[in-house]
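Please walk me through this model. I would like an explanation in plain paragraphs.

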Amino acid sequence: MRHRRGIDLRAPFAPAIHREHDGQQYDTVKSLLEWEVLGGSCGNCGRVAWLDKRVVEREFGNQYLMHLAGKLRCACGNKNGNRILIGTLPR
Ligand SMILES: [Zn+2]
């Protein structure tokens, strides 16, 4: 997933396991744990992208995750119906 100004938000590696944010909890970017990775899946093409939390925080601020989904745009151009994923890195 790329930022609308063309900044690449991708994390350098993908986590092995992940869960989907339910869109209800008021978790913020900063509330994610050290070993958790923020990601998104596209509501249109299903593509999954993993994001660099520090870049996301710098670009969007410490957003609620439920609000972040609407700010991401997939490589296919879709912005609608995107879901937030939370990946867990092996410790
Ligand atoms: Zn897409």
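The largest pocket has a lining of 16 residues, and those nearest its centre are Glu 34, Glu 36, Asp 52, Lys 53 and Arg 54. The model is a predicted one, in which local features need pLDDT of at least 70 and side-chain atom pairs count only at pLDDT 80 or more, while totals for chains, interfaces and linings use all residues. Residues are numbered from 1 along each chain as its sequence is written, and side-chain values use heavy atoms, with hydrogens and water left out.

A pocket is defined here on a 1 Å grid over the protein atoms alone, as an open set of points where a 1.4 Å probe fits, with protein on both sides within 12 Å along at least five of seven lines; lining residues have an atom within 4 Å of a point. The space in the largest pocket comes to about 350 Å³, where grid points are joined across faces, edges and corners and the volume is the space filled by probe spheres set on the points. By residue class, the lining holds nine nonpolar, no polar and seven charged residues. In this division Ala, Val, Leu, Ile, Met, Phe, Trp, Tyr, Cys and Pro count as nonpolar, Asp, Glu, Lys and Arg as charged, and the others, Gly among them, as polar.

Strand 2 (36-41) and helix 1 (53-60) each contribute at least two residues to this lining. Helix 1 gives the most, with three residues. Helices (H or I, at least four residues) and strands (E, at least two) are DSSP runs, numbered from the N terminus. Glu 34 belongs to the loop between strand 1 and strand 2. With a relative accessibility of 71%, Glu 34 counts as exposed; the classes are buried under 20% relative accessible area, exposed over 50%, and partly exposed in between (1.4 Å probe, protein chains only). From Glu 34 to Glu 59 the C-alpha distance is 19 Å, for a sequence separation of 25 residues.

Next comes the metal site. Which protein atoms are the donors of the zinc ion? They are the SG atoms of Cys 42, Cys 45, Cys 74 and Cys 76, at 2.3 to 2.4 Å from the ion. Donors are N, O and S atoms within 2.8 Å of the metal (3.2 Å for Na, K and Ca), and water is not among the atoms, so sites may look incomplete. Along the chain, the donors follow the spacing C-x2-C-x28-C-x1-C. Cys 42, in the loop between strand 2 and strand 3 (48-51), and Cys 76, in the loop between helix 2 (65-68) and strand 4 (83-88), are 34 residues apart, and this pair links distant parts of the chain.

The zinc site is tetrahedral, with angles of 106 to 117° among its four donor atoms; the criterion for four donors is that all angles lie between 85 and 135 degrees. The ideal angle for four tetrahedral donors is 109.5 degrees. Cys 42 is buried at 7% relative accessible area, whereas Cys 76 is partly exposed at 35%.

The overall fold can be read in order. Two helices and four strands make up the secondary structure of the protein chain, and their pattern along the sequence is β-β-β-α-α-β. The radius of gyration (taken over C-alpha atoms) is 12 Å, which agrees with the value near 12 Å for a compact globule of 91 residues; the globule rule is 2.2 Å times the number of residues to the power 0.38. Along the principal axes, the C-alpha atoms fill a box of roughly 35 × 25 × 25 Å. Of the 91 residues, 41% count as buried.

Leu 9, in the segment before strand 1, is buried at 1% relative accessibility. Its C-alpha atom is 5.2 Å from that of Leu 51, 42 residues apart along the chain. Asp 27 sits in the loop between strand 1 (17-20) and strand 2 and is partly exposed, at 22% relative accessible area. Asp 27 and Leu 65 are 5.8 Å apart, C-alpha to C-alpha, and 38 residues apart in sequence.

Note on methods
Tetrahedral: all angles 85-135°; square planar, octahedral: opposite > 155°, others 65-115°.
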